[in-house]
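Dear colleague,

Please find below the structure that I am handing over to you, together with its sequence. My notes on it come after.

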Amino acid sequence: MLKQLAPTSSAYWTPRSPCATISINYFKAFCLVETLFPISPDKDHINTITFLWCDAFKTKQKASQQNIHLEKAAVLFKLGQIGLLFDRATVEGRQEASHTFIAVAGAFAYLRDNASTKVSKGSSTTVDVSLKGAGMLEKLMLAQTQESVFENTIAKRSTRGVCAKISRHCSSPTSLAFFLLSAL
């Protein structure tokens, strides 16, 4: 059943595609399965299923665990990429991207606070779904939100004072995301 719910190739991902809904349902299914059939290396759990994840930043690094939380983290990471798919050349695209980046930041915060802590206990982990990686991605998505707002401010031909004020709001989250990225 879970195989049927598994998200398809990322080539089919668009912000409004069924893949986002399918991924959310896939994640929910794993949350249900986890309570009924725990998957981990423990001898009392199902320990014949191994999940594999390739790091998005360090493409040669892979994680392989008998840990359902690795798959849940992978799904959350994929959901986090949806905000990058909007056409930010248009006002509507920037507005949709801005709203999506906020939601995606929430997904990365959830990843950081829940799945990453459980994945990091495994024998192999990757940077992108680690505590630090998820925290950096959350801040990066918040910075992207601010950047989208700033791009709309410029597109509306707002006054220099308004543009300066909005740009100051952009610099702090962007600097923080850069600092956290440098620390990975």
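Predicted model: local features only at pLDDT ≥ 70, side-chain atom pairs only at ≥ 80, totals over all residues.

Residues are numbered from 1 along each chain as its sequence is written, and side-chain values use heavy atoms, with hydrogens and water left out.

Overall fold

The chain has six helices and two strands, where helices (H or I, at least four residues) and strands (E, at least two) are DSSP runs numbered from the N terminus. Their order along the sequence is α-α-β-β-α-α-α-α. Of the 184 residues, 39% count as buried; buried means under 20% relative accessible area, exposed over 50%, and partly exposed in between, with a 1.4 Å probe and protein chains only. Contact means heavy atoms within 4.5 Å. Among contacts between residues at least 6 apart in sequence, 60% join residues at least 24 apart.

Helix 3 and helix 4

Helix 3 (residues 68-80) packs against helix 4 (residues 91-119) at an angle of about 165 degrees, and their axes are 9 Å apart. Axes are lines fitted to C-alpha atoms, for helices over the stretch in contact, and angles run from 0 to 180 degrees between N-to-C directions. Helix 3 and helix 4 are therefore roughly antiparallel to each other; angles under 35 degrees count as roughly parallel, over 145 as roughly antiparallel, 65 to 115 as roughly perpendicular and the rest as oblique. The crossing of helix 3 and helix 4 is left-handed, a term that applies if the near helix is turned anticlockwise from the far one by less than a right angle, with right-handed used if clockwise.

On the helix 3 side, the residues in contact are His69, Leu70, Ala73, Leu76, Phe77, Leu79 and Gly80, and they meet Val104, Ala107, Phe108, Tyr110, Leu111, Ala115, Lys118 and Val119 in helix 4. By class, this contact of helix 3 with helix 4 comprises 12 nonpolar, two polar and one charged residue. Here Ala, Val, Leu, Ile, Met, Phe, Trp, Tyr, Cys and Pro count as nonpolar, Asp, Glu, Lys and Arg as charged, and the others, Gly among them, as polar.

Two residues of this pair deserve a separate note. Phenylalanine 77, in helix 3, is buried, with a relative accessible area of 4%. Apart from neighbours within four places in sequence, phenylalanine 77 is in contact with Trp53, Ala56, Phe108, Asp128, Val129 and Leu137. The C-alpha atoms of phenylalanine 77 and leucine 137 are separated by 9.3 Å, although the two are 60 residues apart along the chain. Valine 119, in helix 4, counts as buried at 1% relative accessibility. Not counting residues up to four places away in sequence, valine 119 touches Gln65, Asn67, His69, Leu70, Ala73, Thr125 and Val129.

Helix 5 and helix 6

Helix 5 (residues 131-155) and helix 6 (residues 160-182) pack at an angle of about 160 degrees, with 8 Å between their axes. That makes helix 5 roughly antiparallel to helix 6. Their crossing is left-handed. The contact of helix 5 with helix 6 has 16 nonpolar, six polar and two charged residues. Those of helix 5 include Met136, Leu140 and Phe150, and those of helix 6 include Ile166, Pro173 and Leu180.

Glutamate 138 is found in helix 5 and counts as buried at 10% relative accessibility. Leaving aside neighbours within four places in sequence, glutamate 138 is in contact with Ala105, Phe108, Ala109 and Arg112. In the loop between helix 5 and helix 6 lies arginine 157, which has a positive phi of about 60 degrees although it is not a glycine. Arginine 157 counts as exposed, at 75% relative accessibility.

Cysteines

A disulfide is taken as a pair of cysteine sulfur atoms within 2.5 Å, and by this rule the count is zero. Cysteine 31 is partly exposed, with a relative accessible area of 26%, and cysteine 54 is likewise partly exposed, at 37%.

With kind regards
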